[in-house]
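User: Could you walk me through how to read a few features of this model? I would like the general idea each time, and then the case at hand.

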Amino acid sequence: MSDKILEIENLTVSFEGFKALNQLNFSMDTGELRVIIGPNGAGKTTFLDVITGKVQPTTGRALFKGKNLRSRSEHNISRLGIGRKFQTPRVYLQLTPRENLDLSCNRHKNVLATLMGRPSGTERRTVAGLLETIGLTTKADIPAALLSHGEKQRLEIGMLVAQSPDLLLVDEPVAGLTDEETENVGSLLITLAESHSIIVIEHDMEFVRQIARQVTVLHQGSVLCEGTMDEVQNNPQVIEVYLGQPEEDDG
Ligand SMILES: Nc1ncnc2c1ncn2[C@@H]1O[C@H](COP(=O)(O)OP(=O)(O)OP(=O)(O)O)[C@@H](O)[C@H]1O
């Protein structure tokens with residue numbers, strides 16, 4: 001068994017000749033929290049699409065816990081232990097946070113059975129623990145429609161965790177959030193990183209500074225550089241292609 005949770009080898013994805021990913025190599029240890037940054041069009045979304053089976057590599061391969069992901073369906077990959085959180089929250093707005101989490105803990109049962117049935121003691125404890133982790137205990141029983149955007153993001157992250165994935169893929173979790181909500185989501189991801197491997201794609205550099213230990217910079221479908229936030233920020237190539245863009249400084 002490899003201690004790498006993810007290994008990407010010479011991965012190329014071509015869309016009608018255009019290489020969205022170009023001979024990309026990447027690896028990540030089990031238990032790591034990795035942030036991926038890069039300018040628009042660098043290939044970040046395509047990278048996640050390959051890992052989740054939405055897009056097939058043209059050449060190269062992606063291994064999850066040593067298993068080749070080629071030709072596996074998205075469903076199969078999710079069952080292997082990869083969970084993805086998209087940018088927009090996808091919670092059931094008419095249900096409460098507790099009910100949303102109940103459903104996620106019981107993906108194998110159908111929706112009606114979950115809502116009508118009584119959750120077992122273990123499930124209740126799991127849901128109560130998750131509500132606490134995502135900071136929604138006091139709002140557990142109001143319709144999710146009444147939650148703020150940041151609270152919905154945290155709920156959806158909780159719903160993902162409820163499915164016990166080994167690797168969490170989180171796409172721009174703080175887009176459109178207030179500073180306070182951004183910090184809450186950051187703290188949540190740091191807490192979850194104690195027991196999960198996590199990849200976060202993010203544009204918000206303040207947020208990246210809050211959570212990142214290792215940062216990977218993508219550019220034109222390949223890895224431009226990797227390192228700590230300080231190393232990445234001081235890399236002349238990165239400054240040129242990405243961080244060198246005029247910064248908005250609001251103090
Ligand atoms: N299905 C597709 N067909 C053709 N081109 C595509 C397709 N999907 C992505 N691309 C192109 O591949 C490149 C990489 O796109 P991708 O969405 O992965 O970048 P990104 O780093 O996520 O960008 P952003 O930060 O803007 O979301 C872009 O130039 C995009 O236009």
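Analyst: Let's start with strand pairing: β7 and β8 run parallel and are joined by 5 bridges. Two strands pair if DSSP finds at least two bridges between them, and the elements are DSSP runs numbered from the N terminus: helices are H or I with at least four residues, strands E with at least two. Within this pair, Val-170 stands opposite Val-200 in β8. This is a predicted model, in which local features need pLDDT of at least 70 and side-chain atom pairs count only at pLDDT 80 or more, while totals for chains, interfaces and linings use all residues. Residues are numbered from 1 along each chain as its sequence is written.

User: Which strand pairs with β7 over 4 bridges?

Analyst: That is β6 (residues 82-85), again in the parallel sense. Here Ile-82 stands opposite Leu-167 in β7.

User: How many residues of β7 are buried?

Analyst: A residue is buried if 20 or more other C-beta atoms lie within 10 Å of its own, exposed if 12 or fewer, and partly exposed in between, with C-beta atoms placed from the backbone. By that count, 4 of the 5 residues of β7 are buried, and the strand is mostly covered.

User: And how do I read a helix, say α7?

Analyst: Begin with its span, where the expected value is 1.5 Å times one less than the number of residues. Helix α7 (residues 179-192) has 14 residues and reaches 20 Å from first C-alpha to last, close to the 20 Å expected. Next, look at burial: Thr-182, Val-185, Gly-186, Leu-188, Leu-189 and Leu-192 are buried. They lie on the same side of α7 because they cover an arc of only 160° around the axis, the arc being that of the directions from the helix axis to the C-beta atoms. On the face turned away from that buried side are the exposed residues Asp-179 and Glu-180.

User: Where does β9 sit, and what are its partners?

Analyst: Strand β9 (residues 214-219) has 5 of its 6 residues buried, so it is largely enclosed by the rest of the structure. It runs parallel to β3, with 4 bridges joining the two, and Val-35 has Val-215 as its bridge partner in β9. With β10 (residues 222-227), β9 pairs in the antiparallel sense over 5 bridges; there, Thr-216 is partnered by Glu-226 in β10. The β9–β10 hairpin has 2 residues between the strands, and Gln-220 takes a positive phi near 50°.
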